[in-house]
Amino acid sequence: MYEVELKDENIVCGKSPLITDNVMHYCPGCSHGTVHKLIAEVVDEMGMQARTIGVSPVGCAVFAYNYIDIDWAEAAHGRACAVATGMKRLNPGKMVFTYQGDGDLSAIGTCETIHAAARGENIVAVYINNAIYGMTGGQMAPTTLLGMKTATTPYGRDPRLNGYPYKIADMLAHLDGVCYITRQSVHTPANVRKCKRALRKAFEAAMAGKGFSMVEVVSTCNSGWKLSPVKANEWLEENMLPFYPLGDVKDITAE
């Protein structure tokens, strides 16, 4: 919850000043809006608005620049970590992060992500994992669970035909350039608070030059899943979290 100083002492929270007044295009119940709010709050609380650059490629968050009042750059599909690398190396005093979905970071952008992590680039990847391609019609993603129905797996994901889902957070954790990888969610108020703390920790680690960080947010896509927002949160708890358990995957920020 974002605390603000307002004249009315009964008001204890409000919209971050970094969130614009533009109406978000996300579907009702989508996790993106909540994560946007958390990023805006963290950047503002760190006093980093003028020194932060976000990189958003193709996907549902392609219009993220409309909603958080910081500098933004658009990247080609999957190339956000490569673009962010160049920005951070040329502007080491900037706080640079990417904002990517699972179809972007862990599919077409797997190469760029892995190599940025291996090099220990001082950037943060904010990774929205809703196990589906949300923007383009609900197709299977690398993160789609076994048995999960999508536009391209109408009978459920079959490992004999479609392979197995993978956890890119666990894949990256063994790389020496990685200082912090965590898996969070925003489907309950308690988890929202935990996710905010994780984002703050990742941004601070990047600014301290500790290496690559990734905050994976296990998210809902109620439109792609064809569920109500309430049912989508329940499905996430019952199906997503057993396969993508929440918590820190790697944390050497104190070293």
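These legends accompany several close-up views of a predicted model. Residues are numbered from 1 along each chain as its sequence is written, and side-chain values use heavy atoms, with hydrogens and water left out. Because the model is predicted, local features need pLDDT of at least 70 and side-chain atom pairs count only at pLDDT 80 or more, while totals for chains, interfaces and linings use all residues.

**View A. Aromatic pairs, with Phe-63 and Tyr-65 as one of them.** Rings of Phe, Tyr and Trp (its six-membered ring) pair if their centres lie within 6.5 Å; planes under 30 degrees apart count as stacked, over 60 as edge-to-face and the rest as tilted. By this rule there are 6 aromatic pairs. Phe-63 and Tyr-65 pair edge-to-face, with 6.2 Å from centre to centre and 80° between the planes. Phe-63 is partly exposed at 36% relative accessibility, and Tyr-65 is partly exposed at 38%. Here buried means under 20% relative accessible area, exposed over 50%, and partly exposed in between (1.4 Å probe, protein chains only). Elsewhere, Trp-72, Phe-97 and Phe-203 are linked by ring pairs into a cluster.

**View B. Phe-243 with its ring partner Tyr-244.** The ring centres of Phe-243 and Tyr-244 are 4.8 Å apart and the planes stand at 90°, so this pair is edge-to-face. Phe-243 is partly exposed at 28%, whereas Tyr-244 is buried at 1%. Look also for Lys-167, whose charged end sits over the ring of Phe-243, 4.5 Å from its centre. That description applies if NZ of Lys or CZ of Arg is within 6 Å of the ring centre and within 35 degrees of the ring normal.

**View C. The buried residues of helix α2 (residues 80-90).** Helices (H or I, at least four residues) and strands (E, at least two) are DSSP runs, numbered from the N terminus. In α2, Ala-80, Cys-81, Ala-84, Thr-85, Met-87 and Lys-88 are buried. Their cover includes β1 (52-56), β2 (71-74), β3 (95-101), α4 (110-119), α7 (189-207) and β6 (212-218).

**View D. Asp-102, a residue of helix α3 (residues 102-108).** Leaving aside neighbours within four places in sequence, the contacts of Asp-102 (heavy atoms within 4.5 Å) include Tyr-127, Asn-129 and Ala-131. Ala-131 lies in the loop between β4 and α5 (159-162). Although not a glycine, Ala-131 has a positive phi of about 65°, and its relative accessible area of 0% makes it buried.

**View E. The largest nonpolar core, with 37 residues.** A nonpolar core is a set of buried Ala, Val, Leu, Ile, Met, Phe, Trp, Tyr and Cys residues joined through side-chain atoms within 4.5 Å. Val-35, Ile-39, Phe-97, Tyr-99, Val-126, Leu-199 and Phe-203 touch the most other members. Helix α7 gives the largest share of this core, 8 residues. Leaving aside neighbours within four places in sequence, Leu-199 is in contact with Leu-38, Ile-39, Val-42, Val-126 and Val-215.
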